[in-house]
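Please read each point with the structure in view.

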Amino acid sequence: MQKIGVFVCWCGSNIAATVDVSAVSEALSHEPGVVYATNYQYMCSEAGQNTIKDAIKKYGLTGIVICSCSPRMHEATFRKTAAAAGLNPYMVEIANIREQCSWIHKDMATATEKAIILGKAAIAKVHLNAPLTASQSPVVKRALVIGGGIAGIQTALDIADAGFEVDIVEKSPTIGGKMSQLDKTFPTLDCAACILTPKMVDVAQHEKIKIYSYSEVEAVKGFVGNFEVTIRKKARYVNENVCTGCGLCTEKCPQKNVPNEFNLGMDKRRAIYIPFAQAVPKVATIDANYCMKLKTGKCGLCEKICTAGAIDYSQKDQLIEQKYGAIVVATGFNPIKLDNFEEYSYSQSPDVVTSLEFERITNAAGPTSGQLLRPSDGKHPHTIVFVQCVGSRDTSGCGKPYCSKICCMYTAKHAMLTREKYPDTDVYVFYIDVRTPGKNFDEFYRRAAEEYGVHYIKGMVGKVAPKADGKLMVQASDLISNEQLHIDADMVVLATAIEPDKSARPLATMLTASMDTNDFFTEAHPKLRPVESPTAGIFLSGTCQGPKDIPETVSQAGAAAAKVIGLLAKDTLTANPCVAHSDEMMCNGCSSCEKVCPYGAITYVDKEFRMPDRTVAIRRVAVVNEAVCQGCGACTVACPSGAMDLKGFSNSQIMAEVDAICK
Amino acid sequence: MDNKEKQKERILRVSGVNVLKCMKCGKCSGTCPSYDEMDYHPHQFVYMVEKGEIEPLLKSKSIYKCLSCFACVERCPRGVEPAKIVEAIRLEVIRKQGENHLKPNQIPQLLDEDLPQQAIVSAFRKYSK
């Protein structure tokens, strides 16, 4: 028989205003096994905790029940209290009489009655509790950052500066991400390359950072502190260690007709290429879809001219196995496809461009060398219409329901820079709302309107139609003057909604990290744990978690790094002892549990059993890897023979609670 | 519920439109090919129904200028369907025509030789209540 102490918390007036706390402690003191019951204003305070410690020692308590707030709030606190008084921390049960009782009821009599019932259920459970001991697992002191954009770069640098090894896996041939494609950055208008490329060089030169470029994560096994990751290093047909990045091959390659993805297909590159001048690593890559040597076996020019002898047509994909203690997801975003928005004539006129394309057109390293020229005829545009919210805040199913957050600011930037460089250009911005919360953001937008004379019009563009004279007819509404406008524009720029990169969804499955319906990674707590995934050991950095601009991405990247450093600084991790275990005498080897386990914690082994008549039988039974098990309990529900049970939440304990409630 | 509110409820029910979904972007009016012919424009229909100001819309010539091309429905980012509101207002006008009443002393001048007796009885039954 357990000796149980019951401690009822007032939580100031949070509980005491709706629940008669003395009646609860009085009623629970008569329950079987209860040797001590009391109530106190704040059980979680030092005085409250001392009451618990003293009672454990004085009455020799073997189990305690705390009637208080949710276990999410203070279970850890009270477990520590019990441990400090020499009681096994898993002999503590919490009856949630705040969130599940006092906060949701108004009537004191019913709330008190319910609080007593909840207390009785917890007492019934404690009777069946057994002391549990948490196991320790070592932490691999190396972090993996998936994605080499500004988010991944910043996270990697911060972790590496703290002295831990970091690997960056980037799927394209260079790190840098979307920021490397930008021209200027709002609201200070520094050149994106000028602030990004030094960071890329820092990454390349950091002795603690290793870059796996042109690589993807293939498989993830393991758990926090001990992830085993398989990385596929795609064949680039160039020996990275030998290539000097001289670029001679990229000038001589005869296959000139490959759309250049760095310039969003607005110009061409060769089949062997270096994405841009400041690429890191500055190593050439052969595009196997276009290389004539790889496709037909004829050519081989690059191999002949490469003085370093770096070309290797026989290169194969390489699989690399590596262990990590923590994984940071920084997979970033892409603009959405505009197939559902035919009214803007994006597919019909080359002069209708997305904002990212406009960014390339105005970039000195872009297809027009920074000259603002129309893609169709290479002439200076004199009237430019910017359309905001293209596909953002769209619940019709064509676009995305969320606000993409960055478009208001970059459109103000584009409009301002256009007026700055080409004052003879008329610039219109059609907006639904202008959203500029951020340091110096609203001032920036107002400057575009007031000092640069950008025409901001409240209303939406209904359609864009190419005209015979090469202009674009823009039909839009001006809601404030209540008229319909018809503008002959030379160019239309669409502030296209952004969406998480397509690689995020399969990656989330590999990591068992949760996502929302828009494929953004979910954080463990939207306010208090914004850079951690609910899955232990997985951290989030940048736009994979939600739309954000560069300053915010960099802050979040640093925050994620701090969390990783906190994890890697530990030598061992205490595992949750509330894990599944299988009674092998009852297990019938059906594999049901193995199939439902989301963590791959269950395996089957053939084991010898002595039978009653002195024979030996070999049976197939389930074995749980306690280090991998997260204690979700799916297996205990799936097991048809009742062999699988969860420590700390056994079937008998739950049934005892239910019985106590129904009595 | 006063008459104004009843009328609004009727428009909402008949059209099946939730006007509260509108985020006032004006894309409906930006896309409307009959915009210049209208006194009230598609986005105003949505907003005025939201405010319960149905009466001016009933008298508006816009309801006859709407082509029912459904471009506004197609392009609305929030799925509001303004054309269905215009349609509902048009229906409301047509239904109101049924409120014309027949009085017995008007009958003689409406009679003509070819009119069957039943038609007079039926019309009287329908329009005298």
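How many helices and strands does chain A have?

1. The model discussed here is predicted. Chain A contains 18 helices and 34 strands. Along the principal axes, its C-alpha atoms fill a box of roughly 90 × 70 × 45 Å.

2. Chain A has 663 residues, and 52% of them count as buried. Among its contacts with a separation of 6 or more, 68% are accounted for by residues 24 or more positions apart. The accessible surface of chain A amounts to about 29,300 Å², with 52% belonging to carbon and sulfur atoms.

3. Helix H14 of chain A, residues 504-511, deserves attention. Its buried residues are A:Ala504, A:Leu507, A:Ala508 and A:Leu511. Viewed down the axis of H14(A), these residues fall within an arc of 105°, and therefore they line one face of the helix. The general principle is that an α-helix has 3.6 residues a turn, so residues three or four places apart point the same way.

4. Against which strands do the buried residues of H14(A) pack? Their partners in chain A are strand S6 (142-146), strand S11 (215-223), strand S18 (326-329) and strand S29 (538-540). Just after H14(A), A:Thr512 adopts a positive phi of about 45°.

5. Is A:Thr418 buried or exposed? This residue of helix H12 (residues 407-421) of chain A has a relative accessible area of 3%; because the limit for a buried residue is under 20%, A:Thr418 counts as buried. When neighbours within four places in sequence are left aside, A:Thr418 is in contact with A:Phe358, A:Leu372, A:Ile384, A:Phe386, A:Pro423, A:Thr425 and A:Val427.

6. A contrasting case is found in helix H18 (residues 651-662) of chain A, which includes A:Ile654. A:Ile654 is partly exposed, with a relative accessible area of 38%. Together with A:Phe649 and A:Val658, A:Ile654 makes a nonpolar surface patch of about 230 Å².

7. One salt bridge is found across the interface. A:Glu343 and B:Lys27 form a salt bridge in which the closest N and O atoms are 2.8 Å apart.

Definitions and conventions: Residues numbered from 1 in each chain as written. Chains lettered and ligands numbered in written order. Predicted model: local features only at pLDDT ≥ 70, side-chain atom pairs only at ≥ 80, totals over all residues. Heavy atoms only, no water. Buried < 20%, exposed > 50% of the residue type's maximum accessible area, 1.4 Å probe, protein only. Helix = DSSP H or I, 4+ residues; strand = E, 2+ residues; numbered from the N terminus. Arc of directions from axis to C-beta. Contact = heavy atoms within 4.5 Å. Patch = residues over 30% accessible without salt bridge, like charges linked within 9 Å, V, L, I, M, F, W, Y side chains within 5 Å. Areas by Shrake-Rupley, 256 points an atom, 1.4 Å probe, with all protein chains shown as cover. Salt bridge = Lys/Arg side-chain N within 4 Å of Asp/Glu carboxyl O.
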